[in-house]
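Have the 3D view ready as you read.

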Amino acid sequence: MGHRYIPLTEKDKSEMLDVIGIQSVDELFTDIPESVRFNKPLNIKEKKAETPLLRELSQIANKNITSETHASFLGAGVYDHYIPTVVDHVISRSEFYTAYTPYQPEISQGELQAIFEFQTLICELTGMDVANSSMYDGGTAFAEAAVLAAGHTKKSKVIVSKSVHYQSIEVLKTYTKAQDIEVVEVDLDGTVTDLEKLKAVIDDDTAAVCVQYPNFFGSLEDLEAIKQLIADKKALFIVVSSNPLALGLITPPGEFGADIVVGDAQVFGIPAQYGGPHCGYFASTKKLMRKLPGRLVGQTQDEDGNRGFVLTLQAREQHIRRDKATSNICSNQALNALAASVCMSALGKNGVFEMAKLNMEKTTYMKQKMQEAGFDVLEGISFNEFVVKFNKPISEINAELLEEGIIGGFDLGFIDEAFNNHMLIAVTELRTKEEIDTFIKKVGEYSA
């Protein structure tokens with residue numbers, strides 16, 4: 001037999017055609033004019049047997065450049081981090097891998113508990129009271145937070161720093177376009193938010209002020225100072241923590257008075273995967289918990305006093321009247337949330353701290369070495385990313401690095417001409433001293 005699995009035999013097809021009263025599959029398309037039908041063979045290779053086909057596909061796949069084949073200094077929202085082996089083993093179990101919405105708690109206790117643990121871990125990291133069961137990614141979580149703020153405060157202006165990931169800002173604009181919510185962007189002072197310009201645009205119609213921590217450029221924002229600017233305005237303080245690993249080392253946003261903390265859990269147990277899928281998270285203060293989008297899992301007891309888990313405080317449109325719903329988001333990234341939970345549990349509190357510490361220490365080392373080598377390193381307190389200005393296009397430098405087995409940093413000129421020839425460099429715990437030193441030596445040769 002040339003196939004592992006044949007889902008439909010010719011006999012099956014014949015029986016189905018008889019039931020619906022036609023002679024051939026072509027009759028199903030009689031309503032489509034002949035002139036617009038595709039009536040020639042597809043321009044693809046002839047079929048192959050399984051073994052040569054798998055060999056060819058493997059050869060094609062081996063041409064890919066990944067963090068397994070090259071040392072990666074590319075971050076900008078998706079990072080190359082250590083993933084404990086146990087993560088794949090757990091999420092590959094059929095009871096998790098095939099699970100979807102836990103509508104029936106009596107047969108979904110394992111999935112519900114996994115989600116509950118994710119919520120708990122996110123609360124501990126962010127310093128917030130409550131977290132939901134996850135969202136699609138950090139960008140949609142951020143946009144949902146802004147919409148919630150506008151609805152909660154009954155105000156129509158959302159202020160966002162340009163230090164927030166540029167793609168998240170675009171998602172925000174898409175969400176708010178049809179809701180008459182004004183998005184005001186605030187310029188930077190170097191690699192952090194310009195506080196004077198931020199102060200100038202905050203007014204009584206401000207629903208929320210949004211910043212990223214660490215921000216898109218790798219620098220740490222002064223959350224305490226920003227919170228003071230909105231203390232008397234009744235606006236919500238939204239903090240985007242796109243790299244929650246940093247919260248294992250730096251002071252969490254909850255301790256600075258953040259009302260909502262959102263971000264992406266990709267750094268915990270989720271491979272880069274060419275940009276997705278990932279797992280967004282959404283945490284808030286207790287006063288906002290009934291307005292959280294998506295699902296919320298709560299712990300309870302059954303009639304015999306045993307611990308159990310249920311979906312609770314449901315404000316999603318599938319569970320209540322649509323006009324009363326705070327969001328129409330209908331799903332979550334349960335499998336990726338599980339991966340993040342397993343990763344954080346395997347690392348433990350000390351492991352997360354040590355991993356975050358390595359990121360900051362290796363970044364500090366690379367920044368210092370680049371400064372000593374005469375490179376123009378922009379100022380800012382960094383976690384695991386920083387910005388360097390070069391004297392030639394970043395695309396040319398990255399092309400040269402690729403020849404040396406190195407994936408270079410992000411070309412910031414792609415998002416803003418003011419950052420032409422600027423590279424955003426990411427240094428994670430996986431980068432070795434040898435890789436860092438080689439990077440610095442090579443870029444020195446290319447940009448001399």
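On a 1 Å grid over the protein atoms alone, a pocket is an open set of points with protein on both sides within 12 Å along at least five of seven lines, and lining residues have an atom within 4 Å of a point. Points are joined across faces, edges and corners, and a volume is the space filled by probe spheres set on them. This is a predicted model: local features need pLDDT of at least 70 and side-chain atom pairs 80 or more, while totals for chains, interfaces and linings use all residues. Numbering starts from 1 along each chain as its sequence is written, and side-chain values use heavy atoms, leaving out hydrogens and water.

So what's the volume of the largest pocket? It's about 1200 Å³. It has 44 lining residues, and Val78, Tyr79, Ala272, Tyr274 and Gly275 are the closest to its centre. H7 gives the largest share of the lining, 4 residues. (Helices, H or I with at least four residues, are DSSP runs numbered from the N terminus.)

## Two packed helices

Helix H6 (residues 138-153) packs against helix H7 (residues 166-176) at about 45°, with the axes 8 Å apart. Those axes are lines fitted to C-alpha atoms over the stretch in contact, and angles run from 0 to 180 degrees between N-to-C directions. H6 and H7 are therefore oblique to each other, meaning not under 35 degrees (roughly parallel), over 145 (roughly antiparallel) or 65 to 115 (roughly perpendicular).

Which residues of H6 and H7 meet, with heavy atoms within 4.5 Å? Among them are Phe142 and Val147 in H6, and Leu172 and Tyr175 in H7.

Methods:
Contact = heavy atoms within 4.5 Å. 1 Å grid on protein atoms, 1.4 Å probe; cavity = no way out; pocket = protein on both sides within 12 Å on 5 of 7 lines; lining within 4 Å.
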